[in-house]
Amino acid sequence: HEATGWELDPESPLLHLTRGITREVLGHDPVVITKMVTNDGRYYAAAGCRVVTVGPGDSTLSHTTRKW
């Protein structure tokens with residue numbers, strides 16, 4: 001199945017919720033970026049779901065113990 005990328009409205013309630021939870025857990029506001037990623041979120045977005053990907057922002061830290 002082919003799926004394309006997605007973009008979430010900066011005013012999305014899902015994004016606001018995610019930012020608030022991240023702030024609560026980490027103690028600071030997260031940096032919101034646009035990033036090319038390869039994950040299953042593209043399939044959910046293609047099906048009409050809103051999707052947020054949370055990660056370190058630096059691809060060299062993905063899937064490492066230094067992620068956060």
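These are my notebook entries on a predicted model of one chain.

**Entry 1. Ground rules**

I recorded that the model is predicted, that local features need pLDDT of at least 70, that side-chain atom pairs count only at pLDDT 80 or more, and that totals for chains, interfaces and linings use all residues. I also noted that residues are numbered from 1 along each chain as its sequence is written, and that side-chain values use heavy atoms, with hydrogens and water left out.

**Entry 2. The chain as a whole**

I looked up the secondary structure and found two helices and zero strands in the chain. Helices (H or I, at least four residues) and strands (E, at least two) are DSSP runs, numbered from the N terminus. I then looked up burial: of the 68 residues in the chain, 13% are buried. Buried means under 20% relative accessible area, exposed over 50%, and partly exposed in between, with a 1.4 Å probe and protein chains only. The accessible surface of the chain is about 5,800 Å², and carbon and sulfur atoms hold 53% of it. Such areas come from the Shrake-Rupley method with a 1.4 Å probe; for residues, only the protein chains shown count as cover. Among contacts with a separation of 6 or more, 51% join residues 24 or more positions apart. Contact means heavy atoms within 4.5 Å.

**Entry 3. Helix α1**

I checked the length of α1 and found that its 14 residues reach 20 Å from first C-alpha to last, close to the 20 Å expected at 1.5 Å a residue. The expected span is 1.5 Å times one less than the number of residues in the helix.

Which residues of α1 are buried? I listed Leu15, Thr18 and Thr22. They cover an arc of only 65° around the axis, so they lie on the same side of α1. The arc is that of the directions from the helix axis to the C-beta atoms. On the face turned away from this buried side, I found the exposed residues Pro13, Leu17 and Glu24.

I examined threonine 18, which lies in helix α1. Threonine 18 counts as buried, at 17% relative accessibility. Neighbours within four places in sequence aside, threonine 18 is in contact with Val52 and Val54.

I next examined leucine 14, also placed in helix α1. Leucine 14 is partly exposed, with a relative accessible area of 28%. Residues up to four places away in sequence not counted, leucine 14 touches Arg50, Val51 and Val52. For valine 51, I noted 37 residues along the chain from leucine 14 and a C-alpha separation of 8.1 Å.

Isoleucine 21 is in helix α1 (residues 13-26) and is partly exposed, with a relative accessible area of 47%.

**Entry 4. The salt bridge**

How many salt bridges does a search of the whole structure find? It finds one. A salt bridge is a side-chain nitrogen of Lys or Arg within 4 Å of a carboxyl oxygen of Asp or Glu. Side chains of opposite charge can pair when their charged atoms come close. Here the side chains of arginine 23 and aspartate 29 meet at 2.2 Å, N to O. Arginine 23 is partly exposed, at 38% relative accessible area, and aspartate 29 is partly exposed, at 45%.

I located proline 30 in the loop between α1 and α2 (41-46). Is proline 30 buried or exposed? At 18% relative accessibility, proline 30 counts as buried. Residues up to four places away in sequence not counted, proline 30 touches Arg19, Thr22 and Arg23. Proline 56 is 26 residues from proline 30 in sequence and 9.6 Å from it in space, C-alpha to C-alpha.

Lastly, I located tyrosine 44 in helix α2. Neighbours within four places in sequence aside, tyrosine 44 is in contact with Cys49 and Val51. Tyrosine 44 and tryptophan 6 are 38 residues apart along the chain, with their C-alpha atoms separated by 9.6 Å.
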